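Q: Hi! Could you walk me through this model?

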Amino acid sequence: MQAIRWGAALAVLMTSLAVQAASPCDNSADQTTMNQCASKALATSDKKLNDVYQSLAKTVSPEGRASLERAQRAWIAWRDAQCAFETIGTVGGSVHAAMYTYCIDELTQAQTKRLHAIGSCQEGDVSCVHR
């Protein structure tokens, strides 16, 4: 009986590993796949950022909400300019779109973490943000 359980567990594990290994994003060999994978990752990160942003906007004062909105708009402009600068060496190359998207994704994830940390603070607690 126990051998059957181990066999079933092994089958589930092997199926899971096969599905994971089958993901084209694990080892993308062509530029089109790399671009698609980068875009998919960014879409996921962008949704998380929007969720955290919306949650934070609901918890702060009206002044805090206006400040958050201004900061986020400025951050988006900075993020785009920063990634344009960081990927200047790939402009005109087939890898540029993926590199730019990966940069945007990385900074989006960092901003999500930052806003999440701020959302964990009481408004006005200046010591909380930089812990």
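What follows is a short chat about the fold, a helix pair and the disulfides.

Q: Before we start, what kind of model is it?
A: It is a predicted model, where local features need pLDDT of at least 70, side-chain atom pairs count only at pLDDT 80 or more, and totals for chains, interfaces and linings use all residues. Residues are numbered from 1 along each chain as its sequence is written, and side-chain values use heavy atoms, leaving out hydrogens and water.

Q: Thanks! How many helices and strands are there?
A: The protein has four helices and zero strands, counted as DSSP runs (H or I, at least four residues, for helices; E, at least two, for strands) numbered from the N terminus.

Q: How do helix 2 and helix 3 cross?
A: The axes of helix 2 (residues 31-59) and helix 3 (residues 62-86) cross at roughly 155 degrees and come within 10 Å; the axes are lines fitted to C-alpha atoms over the stretch in contact, with angles from 0 to 180 degrees between N-to-C directions. That makes helix 2 roughly antiparallel to helix 3 (over 145 degrees).

Q: Switching topic, how many disulfides are there?
A: There are two disulfides, each a pair of cysteine sulfur atoms within 2.5 Å. One joins Cys-25 to Cys-37, S to S 2.0 Å. Cys-83 and Cys-103 form a disulfide too, with sulfur atoms 2.1 Å apart.

Q: What does the link of Cys-83 and Cys-103 tie together?
A: Cys-83 lies in helix 3 and Cys-103 in helix 4 (residues 96-119), so the pair ties together parts 20 residues apart in sequence.

Q: And is Cys-83 buried or exposed?
A: Cys-83 counts as buried at 0% relative accessibility (buried means under 20% relative accessible area, with a 1.4 Å probe and protein chains only).

Technical notes:
Parallel < 35°, antiparallel > 145°, perpendicular 65-115°, else oblique. Buried < 20%, exposed > 50% of the residue type's maximum accessible area, 1.4 Å probe, protein only.
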